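Please keep the sequence and the model in view while going through the points.

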Amino acid sequence: MIGIIFGVLVPYIAFAIFVAGVVYKFIYWAKSAVPLKIPTTSGQQKSLKFIKRTIYDRFDSPFTKWETAVRMILEIFAFRSLLKNTRYYLDRLSQKDARWLWLFAILFHYSLLLVLIRHTKFFFEPVPSFVEMLSELEAFKGVFIPSIYVSGLAIIAALLLLWFRRIFLSRERCISLPSDHFALIVLLAITISGNVMRYFIKVDISAVKGLLLSLMTFDIAKAVEFANAIEPMFYIHFALGSFLLAYFPFSKLMHAGGIFLSPTRNMPNNNRAERHVNPWNPPYKGITWQEYYEAYKDQLDEIAESGYKVKPEVM
Amino acid sequence: METHAAEKIRIEQRFPSWRELLKPNTNFKPGYYHYSFRISDAKYLELPFVREWSPVDKDWKLPPNWKEIFLTKMKEYLEKFRSFKLFMDICVRCGACADKCHYYIGTGDPKNMPVARAELIRSIYRRYFTPAGKLGKIAGARDLTEDVVKELYYYAYQCSLCRRCSVFCPYGIDTAEVTWIMRMLLKEIGVVHRFSLISIASSARTGNHLGLLPGGIAGALQSVAEDVYTITGIEIEVPINKKGAEILFVAPSADFFATPHWYVCMGYLMLFHEIGLDYTWSTYASEGGNFGTFISYELAQKLNAKIYQEAERLGVKWILGGECGHMWRDKHQYLATMNEPAKNLEDPVSPITGTYFENAASTKMVHIAEFVADLIAHKKIKLDPTRNDKWIVTLHDACNYARAMGLLEEPRYVIKNVCRFFYEMPEHTIREKSYCCGSGGGLLTEEVMDLRMRGGMPRAMALREVHKKYGVNFLCTLCAIDKAAFPHLLEYWKLPVAVGGMMELVGNALIMKGEKERTTDLRGEPLIRRD
């Protein structure tokens with residue numbers, strides 16, 4: 001029974017919610033207008049020939065599409081804005097670089113990426129060679145027996161560090177909502193259960209792979225068969241993972257998608273060179289020159305009489 | 001006899017729980033809240049629900065269906081501004097922005113953290129526009145009540161829209177955008193502050209924030225020309241409303257009257273005379289700044305539309321803009337979107353050097369620092385930087401042109417050519433990381449003086465560092481609000497540093513044909529030479 005529910009039904013539903021949710025969210029965001037071009041410039045604009053722009057200026061204050069693309073890539077893959085982070089020390093009345101958050105975030109996200117890549121071995125037959133190679137590399141194959149995947153442990157460490165920030169730093173504690181803790185707890189539970197399964201309470205890996213392959217080919221009968229053969233330990237990991245998938249589009253985890261649409265980052269700083277059109281730009285409402293002229297006729301005529309200029313009165 | 005000991009300034013940091021942070025704070029402190037609008041301004045601008053009310057009253061006399069209006073308008077703005085919708089959804093509360101806000105640093109009020117400021121409205125968004133919001137508090141959602149409206153008003157006007165937090169945010173969430181929309185929503189239910197509206201109403205009526213009539217502008221420019229005559233012995237004719245001029249020049253109206261803006265205005269006149277520029281001032285488009293951008297899209301458009309209208313009427317080829325901060329956010333990012341550029345405008349080409357300002361090809365508006373830097377690079381003006389020897393200069397990058405335009409090197413290029421002693425403030429306080437003066441975004445008003453002085457603290461401390469280290473005695477800034485705000489701020493933080501603009505330094509250094517020997521600078525103070 002557990003097998004059918006958590007091995008077949010729940011993952012299907014969760015995946016459907018995930019896909020539909022992400023698509024919905026993108027459409028929901030994309031259908032809102034972008035009335036203004038509002039890049040946050042963090043470097044020298046492109047202006048005169050002799051005003052030099054460094055390579056950083058070109059990314060941080062991009063003028064062309066390509067430069068903007070590089071800015072986005074750096075933001076997404078290197079968390080460039082977080083890398084600039086500083087900390088203000090009230091006792092010294094000054095600030096210093098503070099890159100801990102960047103480090104923890106990079107550690108978490110890249111570990112997650114490696115872990116996800118490794119998990120593709122459950123979805124492909126034969127396993128792509130680069131996945132094999134990557135797994136062997138990060139496990140330092142041959143050093144430990146059984147192999148220890150660094151990313152699997154690093155991700156737990158990173159999650160704990162990120163959580164400790166929210167628990168022990170007063171400012172971060174104050175702004176953390178229950179949902180912020182919740183996301184970290186779910187991720188911790190998933191990663192810990194995964195590691196437990198790998199090193200302590202082993203499950204039948206070939207059955208797991210069989211389950212996933214048959215789920216992917218919609219071979220329900222076979223999937224149920226495999227699902228019933230797998231130990232319950234697997235379902236802790238699998239059910240939590242399914243839950244996270246379904247939770248993803250409706251939570252702050254959607255920042256992963258949102259960053260692509262962020263108007264302060266994905267627009268070039270070429271405002272004065274290329275006009276941006278607002279689809280709902282209202283017509284001008286206000287006085288006209290004619291009305292202005294009629295209101296201040298005497299004074300404006302006086303300026304006209306003196307030949308549209310003033311001269312200093314020199315004694 | 002009673003004696004008063006100097007009061008010690010304390011920054012009390014508080015770290016309430018997330019539950020407490022969700023509760024609206026309606027305890028308005030004097031020195032932090034803004035007065036309500038004047039009836040006359042609100043009526044002139046045709047705002048909804050014009051009535052007498054005060055932020056300290058218990059009853060704000062909101063319209064009976066205020067909640068419905070607020071939520072309907074919120075839905076509308078979510079559709080109209082992708083930025084708003086996205087920023088409501090993707091914040092992860094990592095806290096990177098928290099200590100980047102000068103108001104948070106200076107006041108210690110947790111709700112001045114950019115993330116918390118956005119949470120004020122995000123909690124409403126969750127409650128009414130997301131499924132999880134039905135769970136209430138536990139999902140970080142809260143009901144829209146009158147107390148929440150009061151809190152939104154209190155904190156929406158404690159942000160100077162400086163965008164410093166947006167530089168550090170990993171998703172580029174721009175609090176200026178969120179605050180802007182909070183102010184728009186409040187406007188819809190008749191809740192607007194006094195200061196900006198006075199200037200917006202004046203500017204809508206007379207063409208400039210100060211409410212100067214055409215005769216007043218002509219008189220002011222005449223007085224500036226007289227001051228230039230006193231110092232240089234040169235009689236300068238100042239063109240106003242002149243049809244067929246090549247260039248329309250637009251500066252913030254403070255340059256006509258305020259100090260030290262006045263010296264900047266002298267600098268403009270001297271430079272344009274010296275290079276023989278065919279240009280004109282306008283009394284109709286007599287304001288570069290745009291306080292409308294502090295309140296709403298429509299009000300911003302109401303004010304900046306006049307520039308293109310006047311460019312068309314006068315038949316100029318392109319537009320040159322003076323020293324101002326938010327003016328350049330408006331001109332760089334808003335002007336050509338809110339209004340179609342006048343048809344008669346041509347590509348901006350400097351008549352003196354022949355340089356084509358490619359980066360202004362569509363908007364047709366060039367910044368004075370770009371224009372002057374180009375003149376200097378082509379050696380079209382003679383400069384004597386020793387005339388600025390009295391000043392040991394540092395540059396404050398004004399928020400809006402640093403973070404919404406990227407004008408960083410041009411003013412430095414000019415300053416390094418017109419004075420001999422220039423030092424930078426610490427690296428985390430300049431360029432795109434520049435700290436606000438604490439008075440931008442509609443906060444340049446007396447009633448929030450405490451907030452302004454505290455908000456300006458990080459900037460003042462950075463300045464103190466170079467003042468002590470290098471003896472810096474001149475804070476150069478290309479922003480009219482800065483020039484008005486800094487004298488108070490530096491007095492408050494006990495820094496004997498003068499404040500002035502780039503064009504004042506240019507005016508001092510500019511060698512003019514037929515000038516008498518200069519004995520004083522533009523301020524009328526004796527010249528000092530350091531060797």
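1. Is E46(B) buried or exposed? E46(B) is exposed, because its relative accessible area is 64%; here buried means under 20% relative accessible area, exposed means over 50%, and partly exposed lies in between (1.4 Å probe, protein chains only). This residue is placed in the loop between α2 (39-44) and α3 (66-80) of chain B. Helices (H or I, at least four residues) and strands (E, at least two) are DSSP runs, numbered from the N terminus.

2. On the basis of this note: the model is predicted, so local features need pLDDT of at least 70 and side-chain atom pairs count only at pLDDT 80 or more, while totals for chains, interfaces and linings use all residues. Residues are numbered from 1 along each chain as its sequence is written, chains are lettered from A and ligands numbered from 1 in the order in which they are written, and side-chain values use heavy atoms, with hydrogens and water left out.

3. On backbone geometry: most residues other than glycine have a negative phi, and most peptide bonds are trans. E46(B) has a positive phi, near 55°. L93(A) also has a positive phi, near 55°, and is found in the loop between β1 and β2 (94-97) of chain A. With a relative accessible area of 26%, L93(A) is partly exposed. Two cis peptide bonds may be inspected as well: the bond from E125(A) to P126(A) has omega near 0°, and the bond from T259(B) to P260(B) has omega near 5°. P126(A) lies in the loop between α5 (100-119) and α6 (129-138) of chain A, whereas P260(B) is in the loop between β2 (247-250) and α12 (261-274) of chain B.

4. On empty space: rolling a probe the size of a water molecule over the atoms shows where empty space is left. The whole structure contains 11 cavities of 30 Å³ or more. A cavity is a set of points, on a 1 Å grid over the protein atoms alone, where a 1.4 Å probe fits but cannot get out, and its lining residues have an atom within 4 Å of a point. Grid points are joined across faces, edges and corners, and a volume is the space filled by probe spheres set on the points.

5. On the largest cavity: its volume is about 160 Å³. It is lined by 17 residues, of which C91(B), C97(B), V115(B), C169(B) and I173(B) are the closest to its centre. Helix α6 (residues 114-129) of chain B gives the largest share of this lining, 4 residues. The lining comprises 13 nonpolar, 2 polar and 2 charged residues; Ala, Val, Leu, Ile, Met, Phe, Trp, Tyr, Cys and Pro count as nonpolar, Asp, Glu, Lys and Arg as charged, and the others, Gly among them, as polar.

6. On the second largest cavity: it holds about 140 Å³. Its lining draws on both chains and includes C174(A), I175(A), W18(B), E119(B) and R142(B). The largest share, 4 residues, comes from α6(B). Of the lining residues, 8 are nonpolar, 1 is polar and 2 are charged.

7. On salt bridges: a search of all chains finds 49, where a salt bridge is a side-chain nitrogen of Lys or Arg within 4 Å of a carboxyl oxygen of Asp or Glu. R93(B) pairs with D180(A), with the closest N and O atoms 2.7 Å apart. Because R93(B) lies in the loop between α4 (82-90) and α5 (102-107) of chain B and D180(A) in helix α9 (residues 178-199) of chain A, the pair joins two chains. Both R93(B) and D180(A) are buried. They belong to a network of salt bridges that also includes R166(A), K252(A), E119(B), R122(B) and R126(B).

8. On two further pairs: E237(B) and K311(A) form a salt bridge with the closest N and O atoms 3.9 Å apart. E237(B) counts as partly exposed at 41% relative accessibility, and K311(A) counts as partly exposed at 45%. Within chain B, D397(B) and R412(B) meet in a salt bridge at 2.8 Å, N to O, and both residues are buried.

Definitions and conventions: 1 Å grid on protein atoms, 1.4 Å probe; cavity = no way out; pocket = protein on both sides within 12 Å on 5 of 7 lines; lining within 4 Å.
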